[in-house]
Amino acid sequence: MKAIKSNFRQFLLFLKNDNMMFAACFAPLICALLFRFDVPLLEKLVTSYFNVSEILTPYYALFDLFLSVLSPAMFCYVAAMMILEEKDDHIVEYLFVTPLGKQGYLVSRLGVPEGISIAVTIILLSFFNLSKVPIAANILLSVAGAAQGIITALIIALSSNKLEGMASAKLTSLMSLGIIAPFFIQKGTQYLLSPLPSFWMAKGVYENNYLYMVLSLVLSSIWIVFLIKRFAPKTTG
């Protein structure tokens, strides 16, 4: 535990020394403020202009879903960039053979930041949600979003260098594509996106059946185990 705490302090120093990464951690708060105050205002303006009762209101849950994956996405991006920097400097291999070990390294680089992201997401959804998310659903969404964040971080961390990692980060945004499926894609076709954990998150919210969240977590676990097994050869080979 002491080794994990010490290694996590290095993560905080990395944030302190990189202004762009530090700013990325505040992006979820900015988006939460925009969603909470600007979206209802926009809804009021467009419904008044078109003289209809609602346009964006049926999709308020969609904004909450994106908010639930935003904090983990930002935190995981920072964590993955630090892992890639340490890989470039050939530090990871040495850390794996210290008392920290592979498991401790992954906990300090991914587990702790994602744990923080869960707390941040719960707070943001509690104060800035648009669809009146119940507290139980809030917690499930936050945990499921964090699990997706770990998947994203591991995919980026499998890159050969930071430049390739930045390109991979853009591709990992496709992991969130499943969020829109229940809202906009016909029932039969939408299941093409069922391998994505985000699809089951959205399905749970859209159908108000939070057992789908459990399925999302199970699917995320499969992704994470598969990617961790690939991560070790990448860092040691």
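In which loop is K132 found? K132 lies in the loop between α6 and α7, where helices (H or I, at least four residues) and strands (E, at least two) are DSSP runs, numbered from the N terminus. The model is predicted, with local features requiring pLDDT of at least 70 and side-chain atom pairs counted only at pLDDT 80 or more, while totals for chains, interfaces and linings use all residues. Residues are numbered from 1 along each chain as its sequence is written, and side-chain values use heavy atoms, with hydrogens and water left out.

**Loop residues with positive phi**

- K132 is not a glycine, yet has a positive phi of about 55°, and at 67% relative accessibility this residue counts as exposed (over 50% relative accessible area; buried means under 20%, partly exposed in between, with a 1.4 Å probe and protein chains only).
- N51, in the loop between α3 (27–50) and α4, likewise has a positive phi of about 55° without being a glycine, and is exposed with a relative accessible area of 71%.
- Most residues other than glycine have a negative phi.

- Beyond residues up to four places away in sequence, M81 touches F14, M21, I156, K162, G165 and M166, contact meaning heavy atoms within 4.5 Å.

**E86 in α4**

- E86 is placed in helix α4 and is buried, with a relative accessible area of 8%.
- Leaving aside neighbours within four places in sequence, E86 is in contact with I91, V92, L95, Y105 and R109.

**Packing of α7 and α8**

- α7 and α8 (residues 162–172) pack at an angle of about 145° with their axes 8 Å apart, where axes are lines fitted to C-alpha atoms, for helices over the stretch in contact, and angles run from 0 to 180 degrees between N-to-C directions.
- In this pair, T152, I155 and I156 of α7 meet G165, S168, A169 and T172 of α8.
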